[in-house]
Amino acid sequence: MGSKITGFGAYLPPQRLTNSRLEQLVETNDEWIVQRTGIRERRIAAGEGTASLAVKAARAALADAGKEPGELDLIIAATVTPDCFTPSLACMVQAELGAGRAAAFDISAACSGFVYALDIADSFLAAGKFQTVLILGAETLSRIIDYSDRSTCILFGDGAGAAVVEASAENGVPATYLWADGTQGGVLRAQALPLGEDPLGVRAPQSIASRAVAMAGGEVLRFSLSEAPRAMDEVLRRAGITIDEIDWIVPHQANKRIISGIIRRYHLPEEKVYVNIDRFGNTSSATIPICLAEMRENGLLQKGQRLLLVGFGGGLTAAAAIIEI
Ligand code: UT7
């Protein structure tokens, strides 16, 4: 028994944050941002939470798979920007969809989160525990970005992607690889709660600046340039195939320079690597499923194709999966 992805969906909030708008907020310019990151604009969820984005992506994925919410056995949501600590994002989506049979929980693996969720779903399905699983990567990163910090505010955006994974006689997820190096966690950090130093006293409210994403960009860049290819090598080795047998590479959209590094490292034709970072920026766990949903919508996914997904980022984490359409 294996598993197969049978539906893809995405939702991007309509409001665009362009490089020229960022020029008004911080000391930066369009040329620097495009050259150093490949990003031209990103989307911002004004007045909408992560659950709202996630539900719209989930509905699109269910429609693509031809499934009803009541058929879901499990919902796994990958996010670093849930609306609440509890209920989980997955439980909020379950309620909104009316997926009354489903178990639901969140995972936190930042930009590798969707690939982690896929591996967990595949493992449950391969074990015969469930039939139909919804996996999500959904973020409202704009809520934890300091828009006076030019090293981070230019990179991140909001969005959600989803996929339906079903038990299958075919092995649609032939190999996966998950990895983390928590010792490097401090180079990309967003604080959740202050320490309870004065639990019964009066605490000053936490300012947004102290909760915002703080990143040593150069170190994260170095990690990504070495660990993304290492995860790719490892998942190819596990599948027993070479990169030439892959139809599409779908990398986490963190920086166009990282994607170009992958293209150079494997001597890939550019048209085999899916890129939409110019339009949506880095939406952390949502980038890969948003790419997949766009590819589906644009007719780029054909039956029998093999895709290599690779995520890397906060944690620090890295993860790769090979999927067959
Ligand atoms: O999804 C999780 C994974 N995330 C990533 O993989 C992100 C990885 N990191 C990056 O994408 C890059 O490190 C950045 C895009 C964040 C920065 O690019 P960089 O090539 O590492 O630039 P840098 O931080 O070394 O800065 C180079 C210069 C500095 O000026 P000086 O010291 O050379 O005078 C910065 O102060 O560019 C300056 N700079 C900017 N200039 C204009 C930094 N940010 C900006 C900006 N606009 N927004």
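Which strand is the place of Lys-4?

Author: Lys-4 belongs to strand β1, residues 2-11 (strands are DSSP E runs of at least two residues, helices H or I runs of at least four, numbered from the N terminus). This is a predicted model, where local features need pLDDT of at least 70 and side-chain atom pairs pLDDT 80 or more, while totals for chains, interfaces and linings use all residues. Numbering runs from 1 along each chain as its sequence is written, and side-chain values use heavy atoms, without hydrogens or water.

Lys-4 counts as buried, at 10% relative accessibility (buried is under 20%, exposed over 50%, partly exposed in between, with a 1.4 Å probe and protein chains only). What does its side chain meet? One partner is the side chain of Glu-170, through a polar contact of 2.9 Å (N or O atoms within 3.5 Å; within protein, one able to donate a hydrogen and the other to accept it, and sequence neighbours only by side-chain atoms). Another is a backbone atom: the oxygen of Ile-325 lies 3.4 Å from a polar atom of the Lys-4 side chain.

Next, strand β11. Strand β11 covers residues 248-251, and both of its faces are covered. On one side Trp-248 and Val-250 are buried. On the other, Ile-249 and Pro-251 are buried too. In a regular strand, side chains alternate between the two faces of the sheet. β11 pairs with strand β12, residues 306-313, in the parallel sense. Four bridges join β11 and β12 (pairing takes at least two DSSP bridges). Within β12, Val-310 is the bridge partner of Pro-251.

Now the ligand. For Trp-32, a polar atom lies 3.4 Å away from a ligand oxygen. For Arg-150, the distance is 2.9 Å. For His-252, an N or O atom of the side chain is 2.8 Å from a ligand oxygen. Taken alone, the ligand exposes 950 Å², and the protein buries 72% of that (Shrake-Rupley areas).

Some backbone geometry stands apart. Thr-86 and Pro-87 are joined by a cis peptide bond, with omega about 5°. Pro-87 is in the loop between β4 (74-78) and α4 (89-97). The peptide bond from Gly-315 to Leu-316 is cis as well, with omega near -10°. Leu-316 falls in the loop between β12 and β13 (317-324).

Two residues have positive phi without being glycine. Ala-110 has phi of about 45°. Ala-110 sits in the loop between β5 (103-107) and α5 (113-126). Its relative accessible area is 14%, so Ala-110 is buried. His-267 has phi of about 50°. The loop between α9 (256-265) and α10 (277-280) holds His-267. His-267 counts as exposed, because its relative accessibility is 71%.

Key: Accessible areas come from the Shrake-Rupley method with a 1.4 Å probe; for residues, only the protein chains shown count as cover.
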